[in-house]
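Please look through the sequence and the model below before reading the report.

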Amino acid sequence: MYWGLDYPPLTAYHKLYKSRGFEGTDLKLFMRFTVLISDVLVFFTSCYAYSKSLPSHMHLLFLFILLYPGNILIDHGHFQFNCVSLGLYIWTCTLLHWNYDIAAAMELYHAPAIFCYLLGKCLYSPLKKGLIKFFSLAFVVCFTFGLTWYPFITDIEQFGAVISRIFPFNRGLYEDKVANIWCSLSVFIKWKEIVSIQNMCCLYADLYITWLYNIADESYSGEF
């Protein structure tokens with residue numbers, strides 16, 4: 001069965017391999033092996049590197065992370081790219097711990113917090129060193145962004161499809177089957193019936209901007 005692009009634009013590359021609606025055996029093998037290989041290359045290595053950055057008595061944490069039931073039963077069970085996203089974030093935290101700021105990579109979900117942290121490091125560094133770090137980070141981010149998005153920005157239709165998957169406002173801000181605070185509250189309060197999608201998006205944007213401001217404020221004050 002065709003997979004929706006839950007983690008664009010990187011996972012949208014498999015759309016370049018086969019067309020929508022194709023359910024052949026070779027496509028299923030391709031999808032499953034891309035997930036398995038991505039897990040080994042990104043998630044497994046990030047967990048190993050993170051465990052090595054901890055004291056020796058905590059190295060077994062590597063095995064505990066890999067054996068987490070949620071990943072095995074859910075993410076691995078339906079061959080999604082959840083662990084790639086998680087692996088990028090773990091790699092980012094590990095590289096920041098090693099002071100390899102330029103090499104840090106993350107997905108959009110964690111990007112605002114990491115951005116505020118790195119911006120705080122630039123601001124609290126000496127002027128010359130801070131400017132060099134800032135422009136180095138800006139170059140790496142812009143280059144990576146352009147490289148990732150290049151196959152999609154050349155086609156307006158594909159670009160719009162990827163954007164709609166990153167910000168799926170048409171289906172609401174949450175899905176009833178996904179475990180989160182909105183899903184829990186929907187048992188008692190039918191948000192989708194009370195609040196329109198447009199108003200809910202505005203409410204979410206206000207909360208997000210407030211949260212981002214607090215993160216930036218803590219980062220600037222050196223408390224983040």
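The report covers confidence, the annotated spans and the aromatic rings.

## Model and confidence

This is a predicted model, in which local features need pLDDT of at least 70, side-chain atom pairs count only at pLDDT 80 or more, and totals for chains, interfaces and linings use all residues. Residues are numbered from 1 along each chain as its sequence is written, and side-chain values use heavy atoms, with hydrogens and water left out.

The protein has a mean pLDDT (the predictor's confidence in each residue, from 0 to 100) of 75, and 77% of its residues reach 70 or more. Helices here are DSSP runs of H or I with at least four residues, numbered from the N terminus. Confidence is highest in helix α7 (residues 127-153), at a mean of 87, and lowest in helix α1 (residues 13-17), at 56. Where pLDDT is low, the predicted coordinates should not be read in detail.

## Annotated spans

An unreviewed UniProt entry lists residues 29-51, 57-74, 106-124 and 131-152 under "transmembrane region". Such annotations may be inferred rather than shown by experiment.

Residues 29-51 are 100% helix, with end C-alpha atoms 31 Å apart. Residues 131-152 are also 100% helix, and their end C-alpha atoms are 32 Å apart.

## Aromatic rings

Rings of Phe, Tyr and Trp (its six-membered ring) pair if their centres lie within 6.5 Å; planes under 30 degrees apart count as stacked, over 60 as edge-to-face and the rest as tilted. There are six aromatic pairs by this rule. One of them, F43 with F44, is edge-to-face, at 6.2 Å centre to centre and 65 degrees between the planes.

F43 is buried (under 20% relative accessible area, with exposed over 50%, partly exposed in between, 1.4 Å probe, protein chains only) because its relative accessibility is 1%. F44, at 30%, is partly exposed. Elsewhere, F145, W149 and F159 form one aromatic cluster.

Notes. Helices (H or I, at least four residues) and strands (E, at least two) are DSSP runs, numbered from the N terminus.
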